[in-house]
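This report is written for a reader new to the structure. The sequence and the model are shown first, and the description follows.

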Amino acid sequence: MQPAYAKIAKDPRFADLVSKRNRFAVALSLIVLAVFSAFVFVAVALPGVFSARIDAGSAWTWGLIAGWLIQIFAFLITGVYTLRANGEFDPAIRSIIAEATK
Amino acid sequence: MKRFNLLLASGLSGLMFSTGAFAAGEAISGAVEKQPINVTAIIMFLVFVAGTLGLTYWAASRTRSTSDFYTAGGGITGFQNGMAIAGDFMSAASFLGISGMIFGTGVDGLFYAAGFTIGWPLILFMIAERLRNLGRFTFADITSYRLDQTRIRSLSAFGALSVVLFYLVAQMVGAGKLIQLLFGLDYAYAVVLVGVLMVLYVTFGGMLATTWVQITKAILLLLGCTVMVGLALAYFGFNPSALIQSAIDNHPRKEAMLQPSATLADPLNAVSLGLALMCGAAGLPHILMRFFTVPDAVAARKSVFYATGFIAYFYILTITIGLAAVTIIGTNPAFFDAAGKLIGGGNMAAVHLAKALGGDAFLGFISAVAFATILAVVSGLALAGASAVSHDLYANVIMKGKATGAQEMRVSRIATFAIGALGIVLGLAFENQNIAFMVGLAFGVAASVNFPVLFLSIFWKNVTSRGAFIGGFLGLISAIAFVVLGPTVWVSLLHHEKPIFPYEQYALFSMTIAFVSIWFFSVTDKSARAAEDKAGFPEQFIRSETGLGAAAASDH
């Protein structure tokens with residue numbers, strides 16, 4: 001292993017950062033899978049709920065609203081990860097690399 | 001009259017074919033009726049071609065090194081790359097297919113739209129930045145990072161080439177049929193035109209031209225859809241609730257359109273389809289290579305963020321277009337033939353809507369954009385295929401990394417030319433064949449060969465060359481076997497009574513075979529090479545997590 005890699009491997013901040021980032025990524029992935037599964041489950045198992053109107057005077061159904069919102073949700077959750085990873089994790093990585101390669 | 005299923009014109013949504021939801025029997029199955037020549041559409045398309053050739057001319061002056069050719073020198077920004085990734089996703093198939101599904105069946109279209117979008121957050125959380133940190137030009141750079149160059153790189157290059165060829169043929173046939181329907185021109189013209197333009201973009205402009213063609217098309221498509229939704233909302237007095245109520249009243253299934261149809265109810269097929277869509281996307285070489293065009297992990301994340309935004313916006317528009325078409329097209333007899341079927345087939349709802357709302361000029365615009373979409377996708381495919389030949393097979397496997405940049409470039413250009421010629425020949429040969437299964441195969445190979453090897457080589461320290469090679473190979477065999485023995489080919493095409501393999505969607509099975517056999521043949525591997533493979537993991541891990549050493553990727 002090159003010396004810079006060996007230094008990073010021994011740096012406790014590296015192990016911390018990787019586990020913090022992995023926990024975050026796994027948690028967000030589980031949220032995404034849960035939301036998508038719930039959407040499909042309700043549609044297939046409870047079609048009555050899926051096609052119910054949100055109120056008597058409107059043609060909007062819960063299913064249609066959910067179909068629209070899940071698109072927006074996917075966008076927002078990629079934003080959440082990108083913000084934290086680019087704003088918090090990457091500067092930390094850069095300082096670990098800077099120290100290991102100096 | 002046998003109708004062409006436009007889904008073929010596909011991007012990622014190819015698997016929809018084999019779900020039955022899109023009348024798989026009719027898919028790409030035979031001749032379509034040539035329509036009268038549409039002058040507006042042809043003029044608009046020629047303007048697009050002139051513009052993109054101009055782009056290629058500009059890109060050609062900036063494409064000198066191998067890094068320029070494969071990855072646009074790593075100088076694409078996160079926003080531009082996001083737009084290009086979204087462009088790859090926003091295919092003619094999703095546009096016409098999902099709106100057509102809402103038009104014909106109802107809310108089923110929502111599930112496909114959600115399934116396509118929801119894979120992107122997962123790609124971001126799990127692999128986007130690691131791809132950028134580990135790879136240079138092709139995804140085989142990653143799979144063979146610490147594993148045996150000869151075997152694993154060959155396997156990945158072969159996986160990439162199979163996906164490219166299956167997909168390319170499907171696109172070529174789709175282009176030919178689409179141009180008959182939308183432009184009123186001959187099939188052969190379309191196939192040759194697509195082949196020639198694709199070779200021009202890629203050989204002269206490399207990744208830079210390919211990316212900008214994709215970005216241009218993405219902007220035009222989003223613009224076209226936005227205008228269409230605006231006009232549709234105006235039709236209903238800007239009252240979305242009225243639009244929905246009217247769609248329910250005029251839909252052939254009435255209130256039942258608000259609930260999923262029976263085709264979605266089989267859980268095994270549904271899970272299998274979901275897996276193929278998510279994991280297949282993460283195994284398509286022309287999508288994966290986009291992550292090497294940005295300078296670093298920060299830009300790679302931004303690309304996915306922007307891409308997901310554009311894709312989400314696009315699907316919201318597409319769903320609305322489908323709902324609006326139920327009323328505006330569904331109640332207008334002018335759009336139906338004597339037998340009461342929608343002219344041009346069920347996937348033409350969005351195209352008819354363009355005519356109903358914006359007249360011939362808007363119809364011409366949307367037709368030109370649909371055709372431009374195919375052109376943009378095939379260019380990406382040709383580039384991915386050429387990279388597999390020149391960078392993986394030639395430079396690394398045959399020349400053992402000793403080829404000069406100039407030699408590698410020459411091979412990549414010859415390869416692009418050969419892929420273009422092969423695409424044209426096969427496109428012409430398959431004109432009247434039902435080749436829907438080819439799209440299923442492309443996704444199957446991506447999900448069962450490319451994805452498992454890529455995923456495990458990044459994350460699992462104990463994977464060995466032997467395990468990855470045997471497992472990837474078994475994934476390949478099983479994907480092909482399940483397609484041939486399944487309902488699509490064995491029954492629909494070969495006219496046997498019953499399929500030997502009963503499921504239309506097979507990814508769950510072939511992926512399990514690939515993952516389990518990679519695991520088994522890795523843990524039982526006691527060779528010296530296995531020890532070497534495992535010893536390489538710590539360094540690879542640090543690079544994949546930090547990007548240290550990856551900066552060299554954009555140097556020449």
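## Salt bridges and the interface

B:Arg301 is buried, with a relative accessible area of 0%, where buried means under 20% relative accessible area, exposed over 50% and partly exposed in between (1.4 Å probe, protein chains only). This is a predicted model, in which local features need pLDDT of at least 70 and side-chain atom pairs count only at pLDDT 80 or more, while totals for chains, interfaces and linings use all residues. Residues are numbered from 1 along each chain as its sequence is written, chains are lettered from A and ligands numbered from 1 in the order in which they are written, and side-chain values use heavy atoms, with hydrogens and water left out.

B:Arg301 takes part in a salt bridge with B:Glu129, a salt bridge being a side-chain nitrogen of Lys or Arg within 4 Å of a carboxyl oxygen of Asp or Glu. B:Glu129 is buried as well, at 3% relative accessible area. The table lists this pair with others.

| Salt bridge | N to O distance |
|---|---|
| B:Glu129 and B:Arg301 | 2.8 Å |
| B:Arg130 and B:Glu545 | 3.1 Å |
| B:Glu255 and A:Arg53 | 2.9 Å |
| A:Glu99 and A:Arg13 | 3.5 Å |

A:Glu99 lies in helix 4 of chain A and A:Arg13 in helix 2 of chain A, so their pair ties together parts that are 86 residues apart in sequence; helices (H or I, at least four residues) and strands (E, at least two) are DSSP runs, numbered from the N terminus. A:Glu99 is partly exposed at 41% relative accessibility, and A:Arg13 is partly exposed at 35%. By contrast, B:Arg130 and B:Glu545 are both buried. Shared partners join A:Arg21, A:Asp90, B:Glu129, B:Arg130, B:Arg301 and B:Glu545 into one network of salt bridges.

Between the two chains, 52 residues of chain A are in contact with 48 residues of chain B, contact meaning heavy atoms within 4.5 Å. The chains bury about 4400 Å² between them, 74% of it on carbon and sulfur atoms; buried area is the accessible area (1.4 Å probe) that two parts lose on being put together, summed over both. Four salt bridges cross this interface.

Chain B has 20 helices and zero strands. Its radius of gyration is 23 Å, close to the 24 Å that the globule rule gives for 556 residues, so chain B is as compact as a globular protein of that length. The radius is taken over C-alpha atoms, and the globule rule is 2.2 Å times the number of residues to the power 0.38. Of the 556 residues of chain B, 64% count as buried.
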